[in-house]
Amino acid sequence: MTHLAARHDPAAAPALERFSYDDAIVRKFVVATMLWGVVGMLVGVFIAVQLTLPQANLGEWLSFGRLRPLHTNAVIFAFAGNAIFAAVYYSSQRLLKARMFSDLLSAIHFWGWQLIIVSAAVTLPLGWTQAKEYAELEWPIDIAVVLVWVVFAVNLFGTIARRRERHLYVAIWFYIATVVAIAVLYIFNNLAMPSGWSKSYSIYAGSQDAFMQWWYGHNAVAFFLTTPFLGLMYYFLPKAADRPVFSYRLSIIHFWSLVFIYIWAGPHHLHYTSVPDWASTLGMLFSVMLWMPSWGGMINGLLTLRGAWNKVTTDPVLKFFVVGITFYGMSTFEGPLLSVKSVNALSHYTDWTIAHVHAGALGWVGFMVFGMVYWLAPRLFQAPIARPSWVNLHFWLATIGILLYVIPIYAAGLTQGLNWRTFNADGVLQYDFLSTVTKLVPLYWIRTAGGSLYLVALVIGCINLAMTWSSRPKVYDEPVYEAAPLSRGWKPAPAPPSELPKGSVIELGRWVDRAMAMRWHRGLEGLPLVLTVWVAISVVVATLFEAIPMFAIKSDIPRIASVTPLTPLESVGRDIYVAEGCVNCHSQMIRPLIAETERYGEYSKPGESVYDHPFLWGSRRIGPDLAREGVRNPSALWHLRHFNDPTSTSPGSIMPKYVHLIDQPLDLAAAGPSVGALRAVGVPYSEADVAGAAEAARAQARMVEEQLIAENGSADGVAGIGERKVVALIAYMKRLGTDLDKPVEVAPQAPAAAAADASSAPAGGDAARSMGSVR
């Protein structure tokens, strides 16, 4: 099969080049998308069951805390990631009239990405995690991600360089933005100091780490779950509807507004925390502004169906696209709403955020993926869909599943937010934390049913695609196309003259007329390097405007003299806390809201977390806040019993048991390297601290065991705990929040020296107290 490009002057036209498209790589990514989708959502259903039935936590490696990041990474990077690559590889070749730059690079990209996913599936249940949301993978895998992303970027930009179509269609703009922004975000957020092959510490600490994480976290949603899927929408929706995009001008405004505004919005995740107020306020303002371009994209998508709405009733592909774009509109309205401080004060740490995220992931991302896959399947496998009626069944089951998922979780989020802040007539908090948890269990069961229905729909889709694949021809037909190569030395054509008459009075109107016509942008669409540079400038400049003050203004994060680094045993306990995924259920950030200070104690200060690599403020409260746990609950015996059987201390708790921490021996061989790595990122440990870390940890472990024996009244049941992992976690729990209650020892000095010291307190307190005793 040959397609001949049209030529106005055959004699003058250059010789045509013959080429074919690499659809084999697209087939691989499509299959991987669906298979990893099943895995990711199966894990999601399993952890949903664990929140209703704690007995479903099947030991150390299959607990909620370890599986939750596996679920998020599988859905984002395996399911959505493979779908992105399928969309890019299929549409880019056709839009650029060129085969991908290198079949070898395509293969390296595919198999490298699958290897990364498998590595994540193995290491996350093992507890190898950085504890940073959507960035949990440890440093060796991070390096692999960057290398594979570079391969992808070279392949895409190489294809753009050898294209046979001068004009870059809007979908390509969004793909370029994705490649550039994700590279910047992933590299700078994941800078860390390794202490071994399976452990590293973020180079950022406390408030600055929180800022970097949500700069990344919010924009990972922007540039991994939004811009590439908008590119997908701009290509596959017009194809499926057989209609052109509604508005070229609107697509330009949509693109550049998102690229410039989105990058500023991350700090809105940190309202009322220890991040400076100016940062979260700035994030809120830009988040609210995001509503307009986001809805511009939604309108552009839905109005592309003008004159084709009758097809929606009969074409399940269009059904998927329409519902997906509608969820995009809903999510991008709700996002700015949740960024407003008064709303965020209610919604933050609750399941409202979980409902919002899943409406976007299952509705927008999921439905756009399914629509694309069903449109691609007969073209890639060169066979009709095996069971067309099953496509409709997939659509309706998935739609009902989403509703059954998000509606009860919205209700759960509102219940949490309102119960946590309710006072009775005597001015006392009306509900304790645990009573709110038990109220939500029926809603969690409904959520589990909805997620299960969505999963069943996906499995039906996989079976349908497998049956379609089984009816493929023995040898795929690979059409050969012909097109003229691009002429070199091309320059954008000058903009046509304005229709307004000349005259100084209306000269301003002439410029406005040209700007509104968007003629200037047409030339930019033929200059991919210039377009890429402007995207990079938009991302980097916006980032620097927030990041420079965040790191440069020291007064925004005032140091507290009584705050000292953790002891080696407490640091080991913190590593266990991270490995077990406790940050997925507990926060360590008390906001300056009356309900929170009444429930948990004094609000958290920026200076308290200056040595926290990474920060552990959390984003959800399935369990209570722990920022003042050492003050509110200093009993070592209570913590031991709680880890052994949470219901023995908290009846109705849905927390899993951590018996393995009581059974497993405490290995302090990594204490020295861990303290050394923390010293390398700025925690004021001395060389002696590093060298003596293991011995200091053993001494403190013996002290904790002695306290356990004293509280228990005998050694029965607690003897030998000082040699078990749980003792380190108990030591860490007992330390939390106690620094503010410590007296600061001041050495005698002359009055003049005392006056000088009062104006400039030491940044990290007395480093000699970094090996403080057990709290």
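A: An angle is taken between the N-to-C directions of two helices, and angles over 145 degrees count as roughly antiparallel. The model is predicted, and the pair to examine is helix α2, residues 64-96, with helix α3, residues 103-123. Their axes are 10 Å apart and meet at an angle of about 170°. That angle is over the cut-off of 145 degrees, so α2 and α3 are roughly antiparallel to each other.

The contact can be listed residue by residue. From α2 come L70, F77, A78, G81, N82, F85 and Y89. From α3 come S106, H109, W113, Q114, I117, A120 and A121. Sorted by class, nine residues of this contact are nonpolar and five are polar, with no charged residues.

The mean pLDDT of the chain is 90, and 90% of the residues reach at least 70. Confidence is highest in α3, at 98, whereas helix α29 (residues 751-759) has the lowest mean, 40. Where pLDDT is low, the predicted coordinates should not be read in detail. This caution applies to residues 746-775, where pLDDT stays under 50. For residues 746-775 the model has 42 contacts beyond four places in sequence.

Helix α2 also takes part in the largest pocket, as one of the elements that each supply at least two residues of its lining. Others among them are α1 (24-52), α15 (433-470) and α28 (725-735). The largest share, four residues, is from α22, which covers residues 636-644. This pocket holds about 760 Å³ of space. Its lining has 35 residues, and those nearest the centre are H586, G623, P624, H642 and M655. By class, the lining divides into 20 nonpolar, 11 polar and four charged residues.

The second largest pocket, with about 610 Å³ of space, draws on another set of elements. Those that give two or more residues to its lining are β3 (192-196), α19 (568-579) and α25 (671-680). Of the 24 lining residues, D575, I576, A579, A670 and K725 lie nearest the centre. In this lining, 11 residues are nonpolar, six polar and seven charged.

Note on methods. Residues numbered from 1 in each chain as written. Predicted model: local features only at pLDDT ≥ 70, side-chain atom pairs only at ≥ 80, totals over all residues. Heavy atoms only, no water. Axes fitted to C-alpha atoms, helices over the stretch in contact; angles between N-to-C directions. Parallel < 35°, antiparallel > 145°, perpendicular 65-115°, else oblique. Contact = heavy atoms within 4.5 Å. Nonpolar A, V, L, I, M, F, W, Y, C, P; charged D, E, K, R; others polar. pLDDT = per-residue confidence, 0-100. 1 Å grid on protein atoms, 1.4 Å probe; cavity = no way out; pocket = protein on both sides within 12 Å on 5 of 7 lines; lining within 4 Å. Points joined across faces, edges and corners; volume = space filled by probe spheres on them.
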